Amino acid sequence: MRTKELVALASAFFIPSIVLSVVITINQVAILPNRPDTTYYLHRDASTGSRITVAQLLLTGSTVNSVRISYVISPGQGGNYVRQVSLYNADGVLVASSSNVCGWRTPGTYSETLAVSPAVSVDSVASVRTCLRRVGTCPATC
Amino acid sequence: MLAGLRFGGQVFTIILLLFSISVAVFSTVVAVGSVSQAGGSGVVGVAKADVRVLRVQVPGTVISSVTVSASSSISGTYLVEVFVTVGACSTYGSTTSVLTSTPTSLTIPVSPICNYNNPASVRVRVTQP
């Protein structure tokens with residue numbers, strides 16, 4: 001076999017191999033989320049039906065400083081309500097929480113921001129627990 | 001001299017041919033093979049994405065959908081699933097969406113519909129479809 005023929009034969013293998021390798025590199029990289037599951041527990045007060053409808057992590061960069069909640073106080077169920085949020089990691093360990101905020105609420109829809117302490121990386125938060133509970137007097141805890 | 005060069009060129013060509021064949025074989029093996037890594041299977045490479053589920057919203061007294069806000073450090077198409085448990089009622093919904101580093105809001109219908117008559121657990125799973 002002559003040299004030119006061998007070169008042509010080599011090229012016939014070599015070029016497709018490079019193309020195939022590039023295609024494999026580009027297409028077959030799987031994207032795996034760091035933490036596939038995130039759980040939000042939205043509390044509903046059993047005695048009044050008042051309930052939390054929204055929970056949102058508020059970030060500064062990638063740090064959670066506070067949690068914004070929206071909640072509905074059921075008609076005819078005004079009273080003192082305590083609100084609180086807690087953040088847990090993937091092992092179920094409490095990593096941050098807000099203080100218990102208590103005050104009088106008339107029926108309606110509310111949104112408020114609860115600061116959490118300490119500030120934690122959002123990537124360490126696997127579950128968010130919210131609490132809304134009517135209490136007789138303030139201060140009180142969830 | 002000339003004969004030596006010709007012989008050297010042939011050797012080079014043969015080496016190049018063997019190399020090319022080995023690359024082709026390796027590429028084929030990689031293409032059809034599988035590697036399990038970090039929970040993945042049947043894939044060659046794994047890129048870790050920081051997926052963030054930043055917001056969850058449910059409607060009023062009846063949970064017929066869940067609005068989720070999510071982002072990912074690696075832009076791409078993801079399967080977003082929601083598993084809702086309210087007392088004895090469990091429901092599920094999913095959608096496929098492109099996630100980027102900017103949070104994307106997704107409203108995902110769930111079926112069956114659950115009454116929001118107990119504390120609700122909303123579990124959001126984000127995976128590659």
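**Exercise 1.** How many helices and strands are there in chain B?

*Solution.* The model is predicted, so local features need pLDDT of at least 70 and side-chain atom pairs count only at pLDDT 80 or more, while totals for chains, interfaces and linings use all residues. Residues are numbered from 1 along each chain as its sequence is written, and chains are lettered from A and ligands numbered from 1 in the order in which they are written.

Step 1. Helices (H or I, at least four residues) and strands (E, at least two) are DSSP runs, numbered from the N terminus.
Step 2. Chain B contains 1 helix and 9 strands.
Step 3. Along the sequence, their pattern is α-β-β-β-β-β-β-β-β-β.

**Exercise 2.** Is Thr91(B) buried or exposed?

*Solution.* Step 1. A residue is buried if 20 or more other C-beta atoms lie within 10 Å of its own, exposed if 12 or fewer, and partly exposed in between, with C-beta atoms placed from the backbone.
Step 2. Thr91(B) counts as buried because it has 21 C-beta neighbours inside 10 Å.
Step 3. Thr91(B) belongs to strand β7 (residues 89-99) of chain B.
Step 4. Two residues are in contact if their C-beta atoms, placed from the backbone, lie within 7 Å. Leaving out residues up to four places away in sequence, Thr91(B) touches, among others, Ile63(B), Val84(B) and Ile113(B).
Step 5. Between Thr91(B) and Ile113(B) there are 22 residues of sequence separation, and their C-alpha atoms are 6.8 Å apart.

**Exercise 3.** Which residues have the most contacts inside the largest nonpolar core?

*Solution.* Step 1. A nonpolar core is a set of buried Ala, Val, Leu, Ile, Met, Phe, Trp, Tyr and Cys residues joined through C-beta atoms within 7 Å.
Step 2. The largest one has 47 residues, and Val128(A), Val68(B), Ala70(B), Val84(B) and Val122(B) have the most contacts inside it.
Step 3. Strand β4 (residues 63-73) of chain A gives the most to this core, namely 6 residues.
Step 4. Beyond its neighbours within four places in sequence, Ala70(B) is in contact with residues including Val51(B), Val80(B), Leu99(B) and Val126(B).

**Exercise 4.** Which residue in β9(B) is the bridge partner of Tyr40(A)?

*Solution.* Step 1. Two strands pair if DSSP finds at least two bridges between them.
Step 2. Strand β2 (residues 37-42) of chain A pairs with strand β9 (residues 120-127) of chain B in the antiparallel sense, over 6 bridges.
Step 3. In β9(B), the partner of Tyr40(A) is Val122(B).
Step 4. β2(A) also pairs with strand β9 (residues 127-135) of chain A, in the parallel sense, over 3 bridges. There, Tyr40(A) has Val128(A) as its bridge partner.
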